[in-house]
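Subject: Structure handover

Hello,

Here is the structure I promised to pass on. Please open it and keep it beside you as you read.

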Amino acid sequence: MPTQRLAANQHPVTVIIGLEVHVQLKTQTKLFCGCTTQFGMPANSQVCPVCLGMPGALPVMNREAIKLSVRTGLALNCDIPPLTKWDRKQYFYPDLPKGYQISQFDLPICADGFVEITDPENPDEVRRIGIIRAHLEEDAGKSMHDESSGVAESKIDLNRCGTPLLEIVSQPDLRSADEAKAYLNELKLLLTHLGVSDCEMQQGSLRVDANVNLHIDVDGKKVATPIVEIKNLNSFRNVGRALDYEAERQLIAWEDDGLTINDAPKRTFGWDDVNERTFAQREKEESADYRYFPDPDLLPVRLPREWVEEIGQTLGELPAATRTRLQDQFGIKTYDADVIVNQGPEVIEYFETAATRSGDARKTSSWMMQDVMRTMKERELDAKSFPIPAERLGDLVKQIADGKLDNSRARDVFEYLLQHDDSVDAALAALGIEAVDEDDLVDLCRELLAENPQVVADVKGGKQQAVGALIGKARGKNPNANPKVVRQTLLDLIAEM
């Protein structure tokens, strides 16, 4: 259970969660006009008579938005119908200049799909989360409320009006805040992998509404609390916090008033990030309140099966399949595969090239986790601009795997390669790193043992860890001495004494 109160409640409680994810599609122009969708332009500078709904202005459909929607639907395992259409959704709000939104009601462009996620409570299990529909619509504008100046002034930026928006509606299959975040992370990864959206939540290109209520087992009978929709959550962290808070709030409310889903309508709540609480806004509108009807200015859209199949052939390997393949093909850990895949196609390709070159995928994965990705983050680099090519990293890891370099000296080489466009061999030469002759290493170890008889006695007495005191001394006499080789050589010599 997501909260202590739920866990301690005398009645078994199940949290029921469904998510509506609103994703701005990465098109150059808006859904029904030629205005640019570029983010960050001056307020109300990217508008025209069409997206403002001026009299006589007629919409013209954006074919690329249809294509990106179909691409997304196929990746979500959805059915793509042969025919979809446009509907007008009527509501009156300052950021909707036309007084209606062009959306889709009874014939969405995608329906009946699913997303598979790793169960947060059992990493060996997979949970399948159903997708009810994904429909295409135009985005509304943005209201900006200034309450800090003391005048409580509100302004409207209509630049966003008409931007293609795909609303992905899940089944109420999620059972915790952690599952909801896992679903959102998987969905975001898929969308960015497909290139259909940048999913920048801080820019509003991915927004989440969460529907939540409780099923409470009372004497063997299910009691459902009223459904609440929490609107416009702008981070996955806030989604989790809002769901946890709302689940506990609903339990307290039910214990106080006993109201069920049959006694109260669905309501819309907001999330107060400062005070970390949900708050009531209004009763939720139903489809009848929106007075949907087919848009008279737009014809239905036919989606030929051959065209849909052509789009399907361009999807390539999707993230879930890549994760499985990396584990099977390279034998790396589930966690490592997940992190690599989450970085996107360029990092996946970088790892595969380096791992193949090194012949040791696990060591390559470790270097990717600890050094490559850390450096990329610190220097704000991507895989294409990273100064060490994948083949060169593979050569470095191969030196480690072959026992020619220890990790400490290898990191010296790594730092050198970050600054110089040289081969690994050239880096070794520049740093004065060279292989230690086996006979020289044995002589060095004999010398150390002669100088430290107490270590010999301790090891013979069963304290093998005592030999560690000599490894640093060996490095002091010869910086190129491999600590692992030195340790084993010392133990072998002591065993012969």
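Below is what was found in it, topic by topic.

One caution before the details: this is a predicted model.

**The cores**

Start with the inside. In soluble globular proteins, nonpolar side chains tend to be buried together. Here the largest nonpolar core has 73 residues. Leu19, Val21, Trp86, Ile168 and Tyr183 have the most contacts inside it. Helix H3, residues 177–194, gives the most to this core: eight residues.

Now zoom in on Val21. Which residues does Val21 touch, leaving out those up to four places away in sequence? They are Leu166, Glu167, Ile168, Tyr183, Leu184, Leu187, Leu206 and Arg207.

**A three-stranded sheet**

Next, find the open sheet with strand order S4-S3-S15. Its pairing is antiparallel. Strands S4 (100–103) and S15 (293–294) are the edge strands, and each pairs on one side only. Strand S3 covers residues 87–90. S3 and S15 are joined by two bridges, in the antiparallel sense. Look for Asp87, which stands opposite Pro294 in S15.

**The cysteines**

A disulfide is a covalent bond between the sulfur atoms of two cysteines. How many disulfides are counted here? The count comes to zero. Take Cys33 as a case. The closest cysteine sulfur to its own is in Cys48, 3.7 Å away, so the two are too far apart for a bond. The cut-off is 2.5 Å. Cys33 is buried, at 12% relative accessibility. Cys48 is buried too, with a relative accessible area of 18%.

**A pocket**

Rolling a probe the size of a water molecule over the atoms shows where empty space is left. Look at the second largest pocket, which holds about 1100 Å³ of space. It is lined by 37 residues. Glu116, Glu186, Leu189, Arg323 and Asp338 lie nearest its centre. Several elements give two or more residues to the lining: strand S5 (110–119), strand S6 (122–138), H3, helix H7 (319–330) and helix H8 (334–342). Which element gives the most to this lining? Helix H3 does, with eight residues.

**Tyr416**

Tyr416 sits in helix H12, residues 407–419. Is Tyr416 buried or exposed? Tyr416 is buried, because its relative accessible area is 15% and the cut-off for buried is under 20%. Tyr416 touches Asp422, Ala427, Ala430 and Leu431, not counting residues up to four places away in sequence. Arg392 is 24 residues from Tyr416 along the chain, and their C-alpha atoms are separated by 12 Å.

**Two positive phi values**

Most residues other than glycine have a negative phi, and most peptide bonds are trans. Check two residues against that. Asp219 has a positive phi, near 55 degrees. Asp219 lies in the loop between strand S10 (206–218) and strand S11 (221–224). At 73% relative accessibility, Asp219 is exposed. Arg291 is not a glycine either, yet its phi is positive, about 50 degrees. Arg291 is in the loop between helix H5 (287–290) and S15. Arg291 is partly exposed, with a relative accessible area of 46%.

Best wishes

Definitions and conventions: Residues are numbered from 1 along each chain as its sequence is written. This is a predicted model: local features need pLDDT of at least 70, side-chain atom pairs count only at pLDDT 80 or more; totals for chains, interfaces and linings use all residues. Side-chain values use heavy atoms; hydrogens and water are left out. A nonpolar core is a set of buried Ala, Val, Leu, Ile, Met, Phe, Trp, Tyr and Cys residues joined through side-chain atoms within 4.5 Å. Buried means under 20% relative accessible area, exposed over 50%, partly exposed in between (1.4 Å probe, protein chains only). Helices (H or I, at least four residues) and strands (E, at least two) are DSSP runs, numbered from the N terminus. Contact means heavy atoms within 4.5 Å. Two strands pair if DSSP finds at least two bridges between them. On a 1 Å grid over the protein atoms alone, a cavity is a set of points where a 1.4 Å probe fits but cannot get out, and a pocket is an open set with protein on both sides within 12 Å along at least five of seven lines; lining residues have an atom within 4 Å of a point. Grid points are joined across faces, edges and corners, and a volume is the space filled by probe spheres set on the points.
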